Amino acid sequence: LVEDNDINQQIATELLQAVGAVVDVAANGQIAIDRLDASPEGWDVVLMDLQMPVLDGYEATRRLRADPKFDAVPIYAMTAHALAEERARCLDLGMNGHLTKPIDPDVLFRTLSTLTRRASPIEVAPSPGLAPPTPVAPSASSTVFQRDAALRRVAGNADLLRRLLQKQLEQPLPTLDRRDTAAAIADVHRMKGVASNLGASLFASALADLERDLRADRWEGIEASERALREAWAVTEPAWEAFVAEHTPATADAASVDVDDVLSRLHAAVDAGDPTALDLVTSTETALRRAWGSDLIDTLVAALEGYDFDGAKSCLPAATG
């Protein structure tokens, strides 16, 4: 997975891990080329974002296709651009196909089923080590927060959506610097993609307007676009916060927690590379800190937040029984 946006990385990684894929993430095209070069036969497919720093997806693909040892490696574009001209450009560069962002999980899974020669489409299995997520009832459509659309993009995983929203709620709005228009465009473009993925249509539309003004170098219109952005965020933020509050796991009373049972479930989740292991730690944190010490829990949480499951495994106490 070649993608520089951390929210997009998390969505794609967790969708793919849920169907049994082993995923490696490269934050730009140069990192991807270096890893592929070190192990040309170690990859079944490359999912390639197009707009990235250091080396973008276009140039990375051109270089890979110029080397015969990568002829058999399928490369699929992952991009917000759905125009026919964009698809044609990707195919001309030697890509095998084109997946439009926000990613539709069903389309992604059908594509992988074809590449892996599965007899039937891939289905999402329940997360090991944890109870399956509680189904979320359909909601009325809203341009502020299209909850159902956001849930579809994470294959119905409300826990994942809650963690994504929580992470984005901690991010500031884009800061525009007239001295560095390119950086401002990149920041706004990144946040627009995130907003679209997370169902915030009104916020994404305001970001698109701001990006258009920046690309046209229309600084005289920026003030109005920034004001519209702040107004869109003022109604989006509480909608996201309400979803986060609704789906945040309750913290168990320390005295009621069976630490040995939690440890067994954590080992199962970490062994499976299940990101919801972090929720299990969070919901039993008080008891775990008492049993294992704060230093171990801080290290464990940091590893799980960074998807470092080997690191998480190494700091877990040995499973009992």
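The entries below go residue by residue and then turn to the strands.

**Ground rules.** I am reading a predicted model, where local features need pLDDT of at least 70 and side-chain atom pairs count only at pLDDT 80 or more, while totals for chains, interfaces and linings use all residues. Residues are numbered from 1 along each chain as its sequence is written, and side-chain values use heavy atoms, with hydrogens and water left out.

**E3.** I found E3 in the segment before α1 (6-18); helices here are DSSP runs of H or I with at least four residues, and strands are runs of E with at least two, numbered from the N terminus. E3 counts as buried because its relative accessibility is 2%, and buried means under 20% relative accessible area with a 1.4 Å probe, protein chains only. I then looked up its polar contacts (pairs of N or O atoms within 3.5 Å, one able to donate a hydrogen and the other to accept it, with residues adjacent in sequence counting only if both atoms are side-chain atoms). The side chain of E3 makes one with the side chain of K101 at 3.0 Å, and a polar atom of the E3 side chain lies 2.9 Å from the backbone nitrogen of N5.

**A26.** I placed A26 in the loop between α1 and α2 (29-38), and noted that A26 is buried at 4% relative accessible area.

**Strands.** I saw that β1 (residues 46-49) and β2 (residues 75-79) run parallel, joined by four bridges, and strands pair if DSSP finds at least two bridges between them. M48 has A77 as its bridge partner in β2.

Methods. Buried means under 20% relative accessible area, exposed over 50%, partly exposed in between (1.4 Å probe, protein chains only).
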